[in-house]
Each structure stands twice: as structure tokens, then as C-alpha cells.
Amino acid sequence: MLHHLAKPLEAAAPSRRTFLKLTAGAAGGLLLALKLPGQKALAAASSDTLAQPFVHIRADNTIVVLSKHLDKGQGIATGLATLVADELDAAWEQVSVEFAPANAELYKNLFFGMQGTGGSTAIANSFQQYRQAGATARAMLVAAAAKAWGVPAAEISVSSGTLSHASGKSATFGEMAGAAAAQSVPQDVVLKTPDQWVYIGKSFPRVDTRSKITGAVGAYGIDQRFDNMLVAVLARPPRFGSKVASVDDTAARAVAGVVDVITVPSGVAVLATGTWAAMQGRDALTITWDDSAAEMRSTDAMEAELAELVGKPGLKAHGHGDAAAAMAKAARVIEAEYQFPYLAHAPMEPLDITVLFDGSSATFWTGAQFQTIDQMVAGQVLGLTPDKVAINTLWAGGSFGRRAQPDSHYFAEAALIAKARHAAGHAAQHIKIVWTREDDIRGGYYRPMMRHKVRVGLDGTGNLLAWEHRIAGKSIMIGTAMEPFVVKNGVDETMVEGISGTTYALPAFALEVHATKTPVPVLWWRAVGHTHTAYVMETMIDRLAREAGQDPVAYRMALLKDDPRRLGVLKLAAEKAGWGTPLPEGRHRGVAVHTSFNSHVAEIAEISFRDDGTVKVEKVVCAVDCGIPVNPDTIRAQVEGAIGYGLGAVLRNEITFTDGMVDQSNFDTYQPLRLTDMPQIEVHIVPSTEAPTGIGEPGTPPVGPAVANAIAAARGEWVTTLPLSRSGLA
């Protein structure tokens, strides 16, 4: 996602001085934390609470870790709690997590320079910061106990949330929290060494498992209920780029429960006392759409445009050596074109957002992923400074990139509706905007449709001489507010990531791009550009290995000799999968190895074919190197989910158009992976002392090429058009 930022959008990571300033003294830190907007629970904290921006220790001996990141199922709440609890020497049972308010100064992603969750950066940017917060709180508790008991701090031990001294004195964190709040913040804290870790590196239950299973959380955006709340649904344009020309809302306003109809740039909103009434009111609208600037083409025409573009020279993106000259000397040239469809994010919980605006301040409730941008966009719409816009971040039922938007369009939409109600003289009232699944799947935003053309030159013995690669599709970044930060010389790095920095030893290499223009909105989708670049790179490498008469794993190892970590996962996956050993009749293996978000993943897929010729993915053996594994069980869960998510897309997911209108609408026509499709998965984690890297997305890119390479092992041909259902394989 934002891992390609050329520079932070705001200030860089806080210095130690800044960190100490934020946590300065019990009083200073306490006041700063308590004055943050949108956190009434914090405002209730009292002088018997130790409160810092990242951890609060309450008199009842509970510990609240404030998560600056959205948890949309990836387990970051547990991960951040782990870091704090370990350095604090807390008992795991006393730790819970609340989401931090929107405040970029306090809670910025240290890689982005703003508050936001994405790019598989959550643990990577928080690893030191949250450990430091835990260690600082621990030192203050120890100092308080030393003062109270009249003993040296060095003689106090801490274990499982209890402070104790050889004299027999002891106290819980809660009993000492108020006194700790009066201590000065230590200038330096010493973090534990890995051999001292109690929780880091261990697998244990997530902090949200029980509450979610029992339904006790009730904190998803879709669950929000307020007295006198209105629910809004929108009639959205049938084609991207269409505008409202005229509206007859007479019949809609006659529906029982409908209280208002408001036209905004994104469509016509029907506000009612409940969701059903709002939907009925929407159905009763008569709208004339202006399609003069709309996308009117069907999928075949869009694909034809990309096919034409990859046949022409594009904008130079990356390269080394003289690929053209080397290609001219080739004894043989292998050439292939690949087609990738638009893909929807399709999270289980579609978008929803609740807003309350009184003319001078606004509060939002939603699974906010880019709080800083959301806050700024909503403020601009409402004529408020960002500090007057509070965001209550809630648990989200998935995202896969959907809730992280450069234009914060659903915040803007909610703000426009609330502003219109206020301008019409209505009293402040909670308004919840609900996207039905049909709204979400038909309303974008999508992983862009992409086309690749690859030409590889070989010498007379099959050795690589040159690699020419051309990509065409719509840029995610060009035309957005992020373009100045992430687009260099006209090249959006998310279009070429996964190929641009390849560590395969390519003697000569040329990479070009064409960025198309279409009103169809696009957005990063789980693993972003790697989802198509890894497929092309890994199937082409596999083909070259077969052309050279070499084993695909051995062929890769030779080309990756200078990349030990990628080589390491490849070796481990091959070993665990029994690569090279006989398979049962009808089974076939394929391998892929890829690096994304600074993590290295190798996957070996084992497939069979059903009687109808479709592919059954029986098993995927995965090896991952993501640095220090904070919670191995969470890593395994993330990789398993990433493989399932990627496999669904590879098998049958695509967004298609007929005369500019999306053909799919719900899970019947855009099917997520079914339980019967889920393969057996093994995840093996490489032990590491390197800093943690991303794990939310890296499991997705390799599964497609691993399956495609297994199909090729069986049939001798590589599928170059996805999804596999287009070839009758799914």
C-alpha cells in the first residue's frame, strides 16, 4: 500500500525527545492523553490511573493498550498488546485493547508519517515503540514501589502484574498505578533481550477471540445504534463516471419511515428511520443519469485497449544492462502475454459509517484505516479543522485495502449528507450510511485490470540473456493526492513492484509501463501490484526452468544465489513439501517464491483434477521469513487467510462489465473461496533475529503461480489469463 512513499506525508517518526514530551511526567502525559477527542472512556480516568498514550494502567488492575492501528481481523490488537505486556511484565489476563483516537502527532504510523494501517506495516513500525511504552510504564511502577517501600528500585522484581520485594512487600500494578503516575518519566529504559521475552515469540489466544465468538463486542460499524438515529442508503450511478441529471423522489418520500432524500455527488441518499425503509425508499426513486462522462465499454473492449498498449514501447520504469542488444543476440526468444481482471475487495462487512455533526464539531464511528486522511477530508467538507473531527475507530470485518482510501470517499459522503441536514436546519442527529454488498461490489474500488507482455532471450544452451517486460493498466496513485509522494517520473511503483526489485540474476533487464485512463475507480487490493507481478514472474521462471530441462526449485536457487533469505524460504518449503519425492497418482506440484512488504514467502501447491477437469488444490506448503515472529500463531493464521483469499481470486474471481455496468453483485456471482475449496495448509516460519516485517499480505502473491505451475507440471502449459475459470479449470 503506502510502502512506496518517497517521503512521509507528515513529519518523520518522533524523536526520543518527542516521545518523552508526549509521555512527559505523569501529569503532562495524563493530560495529553485525556484531552484526545472521541475517547470518553479515557476522560473518566482518574488520578489513580497511570496513563500514557499507548498504555493505561487502572486502579482495578486492568491494563489497556491503545492500538493506533485498525484491527480488521489481522490480529494487530493482540500483537501490540503482546509488545507492551512483555516489557511491562504484565499478566496476559489483565490486558485488553482499545483503539486510539485520531491523532497524527501521537499515533502516526512511523513509516507513513500519518495515522494509518496498511502495507503490512503495523507490527514493523510499532515493534520498538510499543515495547518502549511498556518498559517506560514498568519503570514508573517500580519507581513508585521503591519510594513507597523505602527500598532501592533495583531490589524490586516484577512478574505477572505484581511488584514484590524480598522483605515480603508486594503490590499489584493497579494498587501502584496512582503513585506511578506521580513519578517522572525515565530518560532511558532498557528493553529486554530476546532471551528475556515472556510473550514475544509465543503463541497464545488473541485478545478479541472470546468477545467476538460470544458476540459481546458489538463494536463493528454495522452494529452502531443510537437513539433517534437515521439510516441512509444511496442510489449510486449504474456506470462509473455517471452523474445525477434529475431526480423524482415523490414516491420515495411516501415510503413509511423515509424522512429525507438528499442528492450528493456520489448519488442520491435516502434517509429513513431504519435500513429496510431506506432501501425501499431508494427503490422508489426515479433518477435520470447523465452518462456523458461515463465508462461505457464492456470488458472485451477494455482488454483490447491493454493488449494494444503492451505492443507499444512504454514509459521506462526500471532496468539494467542493454536488454535490446542482448535480445538481438538471443538464439531463442520465449514470449507470453498475461491478462488479469478487475478484482473487488469483498470484505465480509461492507462499508458503513456513522456521523454526528452539530455545526461546530463532528464525530464518526467506523473501521477507520487512514484516520489522518479521513479526518482531513471530513474536516474540509464540513468546514472544520481536523481537531474538530473525532473518529471512533471500531473493529472492522475485513478490508483487504477497501477502507484505506486516498480520497476517503465514504467519509466525504457521510460528511456531505450530515452537512446538508444541518444546512436545512435539522438538529444534530446520528446518521449511519450503509453500503449493501451489492453497493460495495458494484461500486468499486477495484484491483486494476492489468496486462503484461514478457520476452525472454536465451542463448543456445538455454541460459538467460535478456528480459523485456511491459505492463499496462490503470495506476492506483496517479490523479490522487498521493501522486506527488509515490509517483516518480510518471511511474507508479505499485504497478511494477515485485518485478522492479527482483533479485533473480537477470543479465539484462528492461521494464516499461503504460498507465491507462478510465473512470473505473481502482485501489490497492491485498498485496497490491504483487498479485499480478508475482504470477507473471514465477510462471515465466518456471517455464524457463522447464525449457532448460532443469528442476524448477534448483533453477530458482541458481538465480537467487545472492538473496539468502529468499533462498532460505525456498529451501525450507521444498524440504517440508518433500519436493522431488514421488506423489500419489494424479497429484502434481508447483512452486513459487516471492518477496513483498520485506517478507519472503515460498509456497508449493499440490493439485489434482476433478472428473470435470477443474482444479482441486489439495495442499499448500508455505515457508515464510518475516523477521522476529511476535506471535507465530497469528502469523500462521494470516498466511492461511492470505492463501485462501488469493486462491479464490485465482480460481474464479473477476469483475466484468457489459456496456459499462458491472455484471457481478453479491457472493453468488462473486464467490469467495468456499470451505470445499480450501486446501490443507502448512506454514513454516524461519527463525530470525531480524526486525519484524509485514505478514498481512505476503502470503497472497505466491499461491496463484504455485497453482499455475502445478497445472503446467501436469499439462505442459501455463495459464496466462486469470481467473482459471476462464480456461474451464475452476
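1. Let me open with a charge and a ring: R715 lies over the face of F609, 4.1 Å from the ring centre. R402 is placed over the face of W435, with 5.3 Å to the ring centre. For reference, a charge sits over a ring if NZ of Lys or CZ of Arg is within 6 Å of the ring centre and within 35 degrees of the ring normal.

2. A word on the ground rules: this is a predicted model, in which local features need pLDDT of at least 70 and side-chain atom pairs count only at pLDDT 80 or more, while totals for chains, interfaces and linings use all residues. Residues are numbered from 1 along each chain as its sequence is written, and side-chain values use heavy atoms, with hydrogens and water left out.

3. Now the aromatic pairs. Searching the whole structure turns up 21 of them. The rings of F240 and Y446 are edge-to-face, because their centres are 5.9 Å apart and their planes stand at 85°. This pair links distant parts of the chain, 206 residues apart: F240 is in the loop between β8 (230-235) and β9 (243-248), and Y446 is in strand β20 (residues 446-447). The rule used here is that rings of Phe, Tyr and Trp (its six-membered ring) pair if their centres lie within 6.5 Å; planes under 30 degrees apart count as stacked, over 60 as edge-to-face and the rest as tilted. Helices (H or I, at least four residues) and strands (E, at least two) are DSSP runs, numbered from the N terminus.

4. Are these two residues buried or exposed? F240 counts as buried at 12% relative accessibility, and Y446 is buried at 0%. The cut-offs are under 20% relative accessible area for buried, over 50% for exposed and partly exposed in between (1.4 Å probe, protein chains only). Ring pairs also join F240, Y342, Y446 and F657 into a cluster.

5. Another edge-to-face pair is worth a look: F370 and W524, with 5.9 Å centre to centre and 70° between the planes. F370 belongs to the loop between β17 (362-366) and α13 (371-382), and W524 to the loop between β25 (509-516) and α18 (530-547), so the pair links distant parts of the chain, 154 residues apart. Both F370 and W524 are buried.

6. Some backbone geometry to check. The peptide bond from G444 to Y445 is cis, with omega near 0°, and Y445 lies in the loop between α15 (437-442) and β20. A cis bond, again with omega near 0°, runs from L722 to P723; P723 is in the segment after α22 (703-715).

7. For A527 phi is about 85°; A527 is found in the loop between β25 and α18 and is buried, with a relative accessible area of 0%. For F597 phi is about 55°; F597 sits in the loop between β26 (588-596) and β27 (599-609) and counts as buried at 6% relative accessibility.

8. Which residues have the most contacts inside the largest nonpolar core? They are L464, W467, M540, L544, V707 and L724, in a core of 78 residues. Apart from neighbours within four places in sequence, V707 is in contact (heavy atoms within 4.5 Å) with A605, I607, V615, V617, L647 and L724. A second, separate core has 72 residues, including V310, A527, V528 and F657. Such a core is a set of buried Ala, Val, Leu, Ile, Met, Phe, Trp, Tyr and Cys residues joined through side-chain atoms within 4.5 Å.

9. On cysteines, the disulfide count comes to 0, where a disulfide is a pair of cysteine sulfur atoms within 2.5 Å. The closest cysteine sulfur to that of C626 is in C622, and at 9.8 Å it is too far for a bond. C622 is buried at 0% relative accessibility, and C626 is buried with a relative accessible area of 3%.

10. Finally, helix α7 (residues 173-181), where F173, G174, M176, A177, A180 and A181 are buried. They lie on the same side of α7, because they cover an arc of only 155° around the axis; the arc is that of the directions from the helix axis to the C-beta atoms.
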